[in-house]
Amino acid sequence: MKLAVYLSGIPKKSRNEAKRKILTSFADGARALGDKVVLVEDNRIVSCDIAVIQGYVHEGSKQAPHLMIRRNAIDHQKQIGKHSLIIDSNLYQFLDMPNKDKYLRYSLDGIFANDAWYFDKNRNMSRWDKIKQSYGFTERNWSSGESILVCLQRNGSWSMNGRGVMDWAIQTVSEIRSYTDRPIIVRGHPGDLTTIKEFDTRPWANVHKQLPDELTLRKQLARTHATVTYNSSPGVASILYGTPVYVTDPVPERSQCWPICNTDLKTIETPELFDREDFYHRLAQCHWSLDEVSIGDAWRHMRDRLPNS
């Protein structure tokens with residue numbers, strides 16, 4: 001099998017740092033299994049079975065050179081009927097924020113739960129146990145605190161499909177307040193402090209703003225009755241810590257919390273408490289550490305579970 005690993009798909013300032021290491025480690029692991037690897041450091045687009053790309057690109061992305069490389073590589077793979085392997089952020093990062101890249105997420109041909117292949121065919125059922133142990137994490141029962149936590153996404157985020165986060169926050173808080181008198185905490189995104197600072201809580205009673213560095217997400221979830229997101233990763237943290245989640249994306253299947261998330265805010269006082277066992281194992285199949293990647297364990301798992309394999 002031939003893989004093209006696109007070092008040119010990362011920003012120039014990152015090419016000799018952590019992102020480059022992620023890609024070269026994957027190349028090492030693929031070579032260890034006997035596959036042919038081409039490291040691409042220029043503007044070439046290489047025909048291959050798998051194009052390996054760190055980060056993603058979407059229709060609204062800027063025209064930066066490294067993003068154009070990603071886009072051209074992904075489009076080329078589609079044209080020749082082959083695949084792109086996307087390396088994206090760690091959905092377990094909230095378990096150890098100082099080491100948030102302890103694991104990274106690997107998916108084929110997309111990053112949303114409803115448009116990507118996550119290698120969970122013929123699951124390795126010991127995978128979740130290994131990840132739990134590495135974090136020292138113990139599964140929690142569903143529990144309930146007092147407040148409603150509304151987690152903002154980055155304004156202009158492609159994952160919001162063009163919707164402004166301020167508009168979403170105002171509408172969401174208004175709807176929640178029509179169904180409950182519980183305290184509402186609106187938590188800002190660490191990559192967009194402007195929105196949370198500009199958010200005006202005065203139209204509602206008992207609504208409070210929270211900057212991300214005021215309180216860890218873990219501590220806030222311990223005080224939370226339910227978490228409300230558009231479709232973002234704090235929902236995954238909420239599920240792991242035993243706090244029910246609401247996803248308001250009109251296509252909730254895009255969320256990594258699907259299908260164990262609530263979608264109707266009318267039920268905010270009595271959220272459904274889903275069985276999480278399948279969720280734990282599904283998520284574990286696509287998360288791998290750099291050490292596991294560099295020795296080929298990650299690629300072996302993925303290669304054995306490619307579509308139609």
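My question is this: what covers the buried residues of α2?

Modeller: The model is a predicted one, in which local features need pLDDT of at least 70 and side-chain atom pairs count only at pLDDT 80 or more, whereas totals for chains, interfaces and linings use all residues. Residues are numbered from 1 along each chain as its sequence is written, and side-chain values use heavy atoms, with hydrogens and water left out.

The cover of the buried residues of α2 includes β1 (2–6), β3 (50–54) and β4 (83–88). The names follow DSSP runs, numbered from the N terminus: helices are H or I runs of at least four residues, and strands are E runs of at least two. Buried means under 20% relative accessible area, exposed over 50%, and partly exposed in between, with a 1.4 Å probe and protein chains only. The buried residues of α2 are H66, L67, I69, R70, R71, A73, I74, H76 and Q77.

The helix itself covers residues 65–79, which makes 15 residues. From its first C-alpha to its last, α2 reaches 21 Å, close to the 21 Å expected at 1.5 Å a residue; the expected span is 1.5 Å times one less than the number of residues. After α2 comes G81, with a positive phi near 75°.

Six strands, in the order β2-β1-β3-β4-β5-β11, form an open sheet with mixed pairing; two strands pair if DSSP finds at least two bridges between them. Because β2 and β11 stand at the edges with a single partner strand each, one side of each is left without a neighbour in the sheet. α2 packs on this sheet by touching β1, β3 and β4, and its direction makes about 155° with that of β3. Contact here means heavy atoms within 4.5 Å. Axes are lines fitted to C-alpha atoms, for helices over the stretch in contact, and angles run from 0 to 180 degrees between N-to-C directions.

β1 deserves a separate word. This strand is mostly covered, with 4 of its 5 residues buried. β1 pairs in the parallel sense with β2 (residues 36–40) over 5 bridges, and L3 has V37 of β2 as its bridge partner. On joining β3, β1 again runs parallel, through 3 bridges; here V5 is partnered by V52.

A second sheet can be described in the same way. It is an open sheet of 5 strands in the order β8-β7-β6-β9-β10, with parallel pairing. β8 (207–210) and β10 are its edges; each has a single partner strand, so one side of each is left without a neighbour in the sheet. From one strand to the next, the twist averages 25°. α7 lies across β6, β9 (224–229) and β10, at about 155° to β10. Within β9 is T227, which is buried, with a relative accessible area of 0%. The C-alpha atoms of T227 and V150 are separated by 6.0 Å, although the two residues are 77 residues apart along the chain.

The largest nonpolar core has 30 residues, of which Y92, W128, L240 and F279 touch the most other members. A nonpolar core is a set of buried Ala, Val, Leu, Ile, Met, Phe, Trp, Tyr and Cys residues joined through side-chain atoms within 4.5 Å. Elements giving two or more residues to this core are α3 (127–135), β6 (147–151), α6 (217–221), α7 (234–241), β10 (245–247) and α8 (277–284), and α7 gives the most, with 5 residues. Another core, of 25 residues, lies apart from it and includes L23, A27, L85 and L108.

For a further helix, consider α3. Its buried residues are R127, W128, I131, K132 and Y135. Seen down the axis of α3, they fall within an arc of 130°, so they line one face of the helix; the arc is that of the directions from the helix axis to the C-beta atoms. These residues pack against α7, α8, β11 (287–288) and α9 (290–294). Just after α3, G136 has a positive phi of about 65°.
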